[in-house]
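Here is a short report on one protein chain. Please read it alongside the model.

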Amino acid sequence: MPTQPRPVGSITRGTTNPNRLRRADRYLTGVLAPLVRRAYDPLLVDLGFGAAPITAVELWQRARTVRPDVEVMGIEIDPDRVAAAQPHTRPGLSFRCGGFEIPSGSRSPVFVRAFNVLRQYPVEEVPAAWHLACGRLAPNGVLMDGTCDEIGRLATWLCCTVEGPRTFTVSMRPGAFTVPSDVAARLPKALIHRNVPGERVHAFLAAADAAWLANAALSPFGHRQRWTAMCRDLRAAGWPVLYGPHRWRLGELTVPWSAVAPDEPGWRVEG
């Protein structure tokens with residue numbers, strides 16, 4: 001019998017909670033919904049689902065609102081976690097052991113979500129992990145590399161393709177923060193040590209804080225109104241803020257990766 005290749009990656013803490021990734025799932029079923037609808041093979045992967053398969057089950061449930069025949073594969077590098085997840089298997093939802101090599105056989109996923117995984121890796125290993133996972137994607141597929149707090153109130157993520165990181169998103173629950181830069185502790189591994197003067201991501205968060213504070217007079221109308229005004233002011237100031245009020249009012253703020261990317265080489269995935 002041929003030897004199975006060793007999974008690529010490291011076992012992480014595996015902590016998880018119900019609804020922890022709801023903000024990322026909402027982005028998938030909104031911004032990325034056309035990608036799922038157009039997919040020849042609607043396979044999605046929850047990479048590093050953790051000690052319990054909660055997030056994979058929720059991803060399957062939510063993605064089915066976009067496309068009923070979607071399939072979700074939960075992948076974990078720890079065999080014991082995979083074994084514990086098997087009772088949750090059902091049509092369209094499966095679990096297997098693996099890492100960033102994405103052991104989906106001949107199938108290429110259209111979407112891979114790796115949340116709170118690379119955060120626990122050395123930063124120098126991140127580009128290679130992106131490269132490996134993106135090499136398994138279907139044409140036009142997306143890898144989401146993200147981080148969030150324990151109950152999913154504050155989150156950030158990168159969307160990568162075979163051509164490299166494309167966008168950076170901040171997503172914050174209204175009322176769960178004082179200023180937008182409170183999310184700094186939840187930046188992806190590629191950016192968390194870059195939040196210092198002179199780096200693009202630091203300038204971006206500082207500009208968001210300034211626009212948030214400048215719109216304090218809108219507080220009586222609610223956090224959503226104030227966040228939307230902040231996004232509008234950032235765009236007017238020259239920041240390439242994407243999408244529009246329909247996403248902003250959800251507490252999302254998305255910019256191209258180039259707006260926050262480190263200057264050093266290596267922070268792109270060669271296609």
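## Overall fold

How many helices and strands does the secondary structure of the chain come to? The count is 9 helices and 8 strands. These are DSSP runs numbered from the N terminus: helices are H or I, at least four residues, and strands are E, at least two.

This is a predicted model, with local features needing pLDDT of at least 70 and side-chain atom pairs pLDDT 80 or more, while totals for chains, interfaces and linings use all residues. Residues are numbered from 1 along each chain as its sequence is written, and side-chain values use heavy atoms, without hydrogens and water.

The C-alpha trace spans about 65 × 40 × 35 Å along its principal axes. Of the 271 residues, 54% count as buried. Buried means under 20% relative accessible area, with a 1.4 Å probe and protein chains only.

The largest nonpolar core has 52 residues. Such a core joins buried Ala, Val, Leu, Ile, Met, Phe, Trp, Tyr and Cys residues through side-chain atoms within 4.5 Å. Helix α7 (residues 200-214) gives the largest share, 7 residues. W227 and L253 have the most contacts inside this core.

L253 touches W227, and its other partners include F168, F204 and M230. Contact means heavy atoms within 4.5 Å. Another core, of 32 residues, lies apart and includes L44, A63, L93 and V142.

## A buried glutamate

E76 lies in strand β2 (residues 71-76). E76 counts as buried because its relative accessibility is 2%. Its side chain makes a polar contact of 3.4 Å with that of R81. A polar contact pairs N or O atoms within 3.5 Å; within protein, one must be able to donate a hydrogen and the other to accept it, and residues adjacent in sequence count only if both atoms are side-chain atoms. Among the other residues that E76 touches are F49, R96 and C97.

Key:
Buried means under 20% relative accessible area, exposed over 50%, partly exposed in between (1.4 Å probe, protein chains only). Lists of a residue's contacts leave out its neighbours within four places in sequence.
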